[in-house]
Amino acid sequence: MKDKKVREIYAVFDRNKDFLANSSTAVASGKLNSILENLYSPGPSFQYIFDFAGRKFDFVSDGSETLFGENPLTFEPEDFVNRIHPDDIGHYVHCQEIAAHFLFEHIAKEAIPEYKVSFQFRIKDVNGAYKLFLHQAIAVAVDDEHNISSSLANHSIIDHITTHNNHKISFINIAGGKNYLGIGHIDDFGKANPTKQLVSLRESEILKLISEGFSSKEIADYLHISFDTVRTHRKNILKKANFNNMPQAIAHCIKEGLI
């Protein structure tokens, strides 16, 4: 019998089984590479692909060995769930429930693969210490009826940036469409904009690259823009909320689910 925590999570899947594929669907490598570019890793991270039909990991990155001392070939969903902080399990399940409502009731099924789901919770590392992680997940395979077959999740340590969990979830459109930020309850979807979009899409890209250690020149080269344009974006970001420095801006945007 599965652990109670795992059963609570799978119960969310059971309640939404009409929107989940009954069989596995292969993930196209080209699509996977494209999606990976939209995932944000400001610290040590690991990734997995979760197969909803089989309720198993189709892939686990080597980061599971580094961060948790877990062999990626034998690491199971139950192992992952049992590493979540006991006080954060309720939050994790709540976020899954909000995500199910958003993906299956609030938007068109065809738009599901366009949205990155983002929230935070604590996971126990290889040394037995709980670290705050940023969770991001995107559907990477759907069946002919647009039901989700599998999703790619990225988990990155962020407690060197912030130790504050905002206990909210954000839905970021990787195709440039409408974002839904700072959602704490299903009722928040009825509000015009629960959390204001503080930074533009380009500023968000620059913040992510800064937090990952890129210099302004490297950012300019990577985004194919001028060095002066990067400097202007940096100044604008600091002005928007009177941030004193870029680490403060990055910490705020992570806490509020803006990037």
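1. Burial and the basis of the model. Of the 259 residues of the protein, 49% count as buried, where buried means under 20% relative accessible area, exposed over 50% and partly exposed in between, with a 1.4 Å probe and protein chains only. The model is predicted, so local features need pLDDT of at least 70 and side-chain atom pairs count only at pLDDT 80 or more, while totals for chains, interfaces and linings use all residues. Residues are numbered from 1 along each chain as its sequence is written, and side-chain values use heavy atoms, with hydrogens and water left out.

2. Overall dimensions. The radius of gyration of the protein is 18 Å, which agrees with the value near 18 Å for a compact globule of 259 residues; this radius is taken over C-alpha atoms, and the globule rule is 2.2 Å times the number of residues to the power 0.38. The C-alpha trace spans about 55 × 45 × 35 Å along its principal axes.

3. Secondary structure and contacts. The protein has nine helices and seven strands. These are DSSP runs numbered from the N terminus, with helices being H or I of at least four residues and strands E of at least two. Among contacts (heavy atoms within 4.5 Å) between residues at least 6 apart in sequence, 64% join residues at least 24 apart.

4. Surface and charge. The accessible surface comes to about 12300 Å², and carbon and sulfur atoms account for 49% of it; areas come from the Shrake-Rupley method with a 1.4 Å probe, and for residues only the protein chains shown count as cover. There are 28 positive and 33 negative side chains, and the centres of the two sets lie 7 Å apart. Lys and Arg count as positive and Asp and Glu as negative, with His and the chain ends not counted. Each charge is placed at NZ of Lys, CZ of Arg, CG of Asp or CD of Glu.

5. Helix 6. Which residues of helix 6 are buried? They are Glu203, Ser204, Ile206, Leu207, Lys208, Leu209, Ile210 and Ser211. Helix 6 (residues 201-211) is largely enclosed by the rest of the structure, because eight of its eleven residues are buried. The cover over these buried residues includes strand 3 (115-124), helix 7 (216-223), helix 8 (227-240) and helix 9 (246-255). Just after helix 6, Gly213 takes a positive phi of about 95°.

6. Aromatic pairs around Phe46. A search of the whole structure finds 27 aromatic pairs. The rings of Phe46 and Tyr48 form a tilted pair, because their centres are 6.1 Å apart and their planes are at 50°. Rings of Phe, Tyr and Trp (its six-membered ring) pair if their centres lie within 6.5 Å, and planes under 30 degrees apart count as stacked, over 60 as edge-to-face and the rest as tilted. Phe46 counts as buried at 0% relative accessibility, and Tyr48 counts as buried at 6%. Phe46 also pairs with Phe68, with ring centres 5.0 Å apart and planes at 85°, so this pair is edge-to-face. Phe46 lies in strand 1 (residues 45-51) and Phe68 in helix 3 (residues 63-68), so the pair ties together parts that are 22 residues apart in sequence. Phe68 counts as buried, at 2% relative accessibility.

7. Strand 2. Phe57 lies in strand 2 and counts as buried at 12% relative accessibility. Leaving aside neighbours within four places in sequence, Phe57 is in contact with Tyr48, Ile49, Phe50, Phe75, Glu76, Pro77 and Phe80. Asp58 is also found in strand 2 (residues 56-60), but counts as partly exposed at 42% relative accessibility. With neighbours within four places again left aside, Asp58 is in contact with Ile49 and Asp51.

8. Most residues other than glycine have a negative phi. Arg55 has a positive phi of about 50° although it is not a glycine. Arg55 is placed in the loop between strand 1 and strand 2 and counts as partly exposed at 26% relative accessibility. His224, likewise not a glycine, has a positive phi of about 60°. Is His224 buried or exposed? At 73% relative accessibility, His224 counts as exposed, and His224 is found in the loop between helix 7 and helix 8.
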